[in-house]
Every structure is written in structure tokens, then in C-alpha cells.
Amino acid sequence: MQVDIAIIGAGAAGMFCAAEAARRGKSVLIIEAGAAPGEKIRISGGGRCNFTNLGIAADRFVSQNPRFALSALKRFTQWDFIARLDAAGIAWHEKTLGQLFCDDSAKDIVAMLVKDCEDSGATIWLRTQISDVTKGANGFDLATSRGAVRAKKLVVACGGKSIPKMGASSFGYKIAEQFGLALVETRPGLVPLTFAEQELEPLKPLAGVAVTGAVRCGKTQFDEALLFTHRGLSGPAVLQISSYWREGQAISVNLAGGVDTAAHLRDVRGQAGRIALRTALGHILPERLARHIEGISGITGNLADQSNASLDRVAGLVQDWQMRPVGTEGYRTAEVTLGGVDTDALDARTMEAKAVPGLYFIGEVVDVTGWLGGYNFQWAWSSGWAAGQAV
Ligand code: FDA
């Protein structure tokens, strides 16, 4: 089979790019290893797909060069994607922090993308393995389980390593390496953090406890919910910080959000000095957590017995609990893969490899990783759109 454009991967970026290119009159073939297109879209956002965010900005992306993404993000914006949904009759709403979700189902977005491919004339091959990619004088030759494909241009849109059981693979990185493109080291992002057994043991009774607090690592802080798990910490604030955390670093956990714990404890001591520390902490923390903090503080007796210094120490435990994760839950549960194809190797306007004319990389395989909250899909749409105009 001979086509203008072959795209590897029928995910968010690949399908979006395919329809754009096909609308420009190109013959387009998407080659997908899995049994269905857009599987990550389908399961995303608890089945409602957090498809973009109103607050798109360079500082919400982790990359060696966060400004690289801006060109594509400004040329195809969140409002452009919203207009596509509106035109397709897909209702949506803002949940929190600018995060937009489908009212009904993420499957509506998958169906829209598949229909866009069909209507524009792009073909999708499912359950197709690619065993070899080479470049010759007339374009790219792909050896696939459905036979040979020759394409004038090749777009790599096969995502990152996250959730291997859904078909995630390292294929995109391998192609980049094969053609001599630099890679930024990959690691799991937006992923729960884990603790070593001896630190985890005393935390085990807290599994399932959630608070709206904050987590800091270095200079980066996220004020959102966090959750104690059987292996460590999760919840939006922890997933966010995981993209900044490096092995060996400590994180600071604030369990009380905006509450001034020291002032609260002094107030309660003034008004009702006979109550126990855990009772006073229970005004601002879930009961299990209040008991735990009392336990590790070593404080016994009533609040009235405590000095200001003791109460300040307790406040420190609540608002600046230093914890040292040992690792993450890894690609098994990570929402995204950090790192990937070095943006220096790509043209920010077209996503084409500077040193390999006709070869493009879009979506998660590139070293551009968004925060939790719709940023990653917007990058998939924007980079897919940019390549779709250029191929
Ligand atoms: P994507 O992974 O979507 O697509 C790649 C495609 O390539 C897949 O269909 C795969 O099967 C295929 N492929 C892989 N190897 C291949 C090979 N060798 N040959 C052929 N095909 C191959 N983001 C967000 O913004 N909002 C959200 O709500 C969520 N929620 C969410 C939940 C969960 C559980 C996960 C795991 C991830 C999210 N994300 C998210 C992240 C988001 O899913 C991700 O950033 C995008 O899907 C990336 O789009 P891509 O098209 O680059 O890759």
C-alpha cells in the first residue's frame, strides 16, 4: 500500500493529526497495534475525559524546554478544541481548576475522532504490528503484519510507556533512536508515590484517609487533595508533585491546607484547655489522622499542659511533614511518561525532525508533559494539529 502519510498510533494525537492531514487532500493511513482506537481517551477522566484546561500556559508543562510547546498550543488552543466539541454536539462542563470534562462519556470524543477520520478519508488499520521502519529515496517503508506500506511522510504518535497492559510501548522512542534523534530520559509521571516498608508500617492505618492540603518538593507546590494509600501517597496533589520529584528527594506535606494549625491549637487551649490534642486536631483533620499526629508527637495529657513550643512542634508535623518517598508505582499506574524525544530535535511549528525530513513526532512521545487536569490531551490535540497542517 502506498500513501502520502502513515501515522503510527490511533490515539489522541494520531487521530487528530490524521483528520487534519486528510482534510488537506492527503491520503492517510493510521497503523494501530491495539484492537480499538483511542483507548486512553475512553478510560480517561473517570470515563468522562478531562479533554483540556482553560489555563493552558507554558509553566504547566514539564519539559527540558517548556516553551517549545507554546507555538502549537497557541495555534490550536483549548478554545479551538472546545469549538470542535460544540460542533459535534458534545456537551461539557468545568469541574474545578479550569478542567473541562464531557457531560456524558469520553466515548463521545473517541467517536468524534473516528468519524473525523472516516469523513476526511483517513484509514485506520487496527491490530497491526510494525516490525521494521526504513527510509529510502521515496519515503518511508514500513513492514507490517498486513503487508508493506510506503509513505512519503511518517508521523510517530504511539504515545509513552504508561499503562503497558493497555498496549503502551517504547516503539516511538526506538524509532527516534534509529534515526539518531536525542532522547530525554523517560520516567513515570502523574503517579502515586511509595514508601519503604519501615516508613509505611506506621502509616498503614491511614490508608484511605484523604485531606485537602498541599504537597511541596523543592520550589514546586500543589494545593490539592491528597490520599494515604496502602503503598504511600496518592491524590491530585501527589500525582502532580510526582512529575517534579526525583529519587532521594524529600517532600513536604501540609495536611491542613490554609489553616494556621499553631494558632488553632493555641485558640483551643485558651478556650477548652482540658481537651486532648487529638480532639483539637480533629477540628481540622480527619479523626484517624488526628490520632496519628498525636501519636507521633509523643504528647500526652491535655492541651492546657502544653507549651507554645510543643504546640508549634505539632503544627510543624501537620503543616510541614517531611516524608521521603522511596519510589513511585511506576508505569503500571502512571498517567503519563515524562521525557521522550528531545524538543531540540524537532521544529516547534511542524513537529518535524530537523535532521530527518518527512519524520514527525507528536503527543506523549515528545518530551512535553502536562500537569494533571487536561493539559496532556491539549498537547496531543495541538501537536497533532500542527503536524496535520504541515505533513
Ligand atoms: P496515546 O497513548 O493516546 O496513543 C498512542 C497509541 O499508539 C495507542 O493507541 C497505542 O495502542 C498505539 N501504539 C503504541 N505502540 C504502538 C506500536 N508499536 N504500533 C502501533 N501502535 C502503537 N490526560 C488528560 O489530559 N486528561 C485526562 O483526563 C487524562 N486521563 C488519563 C487517565 C489515564 C488512566 C491515563 C493512563 C492517562 C490519562 N491522560 C489524561 C493522559 C493522556 O491519556 C495521554 O497524555 C494521551 O493519551 C497521549 O496521547 P497520544 O496520542 O500521544 O498517545
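Analyst: Ala, Val, Leu, Ile, Met, Phe, Trp, Tyr, Cys and Pro count as nonpolar, Asp, Glu, Lys and Arg as charged, and the others, Gly among them, as polar. By that division the lining of the second largest pocket has two nonpolar, three polar and three charged residues. The model is predicted, so local features need pLDDT of at least 70 and side-chain atom pairs pLDDT 80 or more, while totals for chains, interfaces and linings use all residues. Residues are numbered from 1 along each chain as its sequence is written, and side-chain values use heavy atoms, without hydrogens and water.

User: Which residues line the second largest pocket, and what makes a residue part of a lining?

Analyst: The lining consists of Arg187, Pro188, Ser242, Trp245, Arg246, Glu247, Gly327 and Thr328. A lining residue has an atom within 4 Å of a pocket point; a pocket is an open set of 1 Å grid points where a 1.4 Å probe fits, with protein on both sides within 12 Å along at least five of seven lines.

User: Why does Ser162 count as buried?

Analyst: Ser162 has 0% relative accessibility, so it falls in the buried class (under 20% relative accessible area; exposed is over 50%, partly exposed in between; 1.4 Å probe, protein chains only). Ser162 sits in the loop between β10 (147-156) and α6 (171-178). Setting aside residues up to four places away in sequence, its contacts (heavy atoms within 4.5 Å) are Lys40, Ala168, Tyr331, Ala334, Glu335, Val336, Thr337 and Glu364. Phe228 is 66 residues from Ser162 in sequence, and their C-alpha atoms are 22 Å apart.

User: Why is Val110 called buried?

Analyst: Its relative accessible area is 12%, so Val110 is buried. Val110 belongs to helix α5 (residues 107-120). Its partners, not counting residues up to four places away in sequence, are Pro37, Gly38, Ile41 and Arg42. Ala36 is 74 residues away from Val110 along the chain, with a C-alpha separation of 9.9 Å.

User: How do you know that Ile30 counts as buried?

Analyst: The value for Ile30 is 0% relative accessibility, so the residue is placed in the buried class. Ile30 is part of strand β2 (residues 28-31). Beyond its neighbours within four places in sequence, Ile30 contacts Ile7, Gly9, Ala10, Gly14, Met15, Ala18, Cys117, Thr123, Ile124 and Trp125.

User: Which phi does Cys49 have, and is Cys49 buried or exposed?

Analyst: Cys49 has a positive phi of about 50° although it is not a glycine. The residue lies in the loop between α2 (39-43) and β3 (50-53). Its relative accessible area is 0%, so Cys49 is buried.

User: And what is the phi of Met351?

Analyst: Met351, also not a glycine, has a positive phi of about 75°. Its loop runs between β21 (336-341) and β22 (359-361). Met351 counts as buried because its relative accessibility is 0%.

User: Which residues have the most contacts inside the largest nonpolar core?

Analyst: They are Ile109, Phe228, Leu255, Phe361 and Trp381, in a core of 119 residues. This core takes at least three residues from each of domain 1 (2-188 + 333-389) and domain 2 (192-329). A nonpolar core joins buried Ala, Val, Leu, Ile, Met, Phe, Trp, Tyr and Cys through side-chain atoms within 4.5 Å. Leu255 touches, among others, Val211, Leu226, Phe228, Leu285 and Trp321.

User: Where do the domain bounds come from, and what separates the centres of domain 1 and domain 2?

Analyst: The bounds come from an automatic or database domain assignment. The centres, taken over C-alpha atoms, are 39 Å apart. Nine residues from domain 1 and 13 residues from domain 2 take part in the contact.

User: What share of the protein is made up of buried residues?

Analyst: Buried residues are 55% of the 391 residues. Among contacts with a separation of 6 or more, 71% join residues 24 or more positions apart. The C-alpha atoms fill a box of roughly 85 × 40 × 35 Å along the principal axes.

Technical notes: Helix = DSSP H or I, 4+ residues; strand = E, 2+ residues; numbered from the N terminus.
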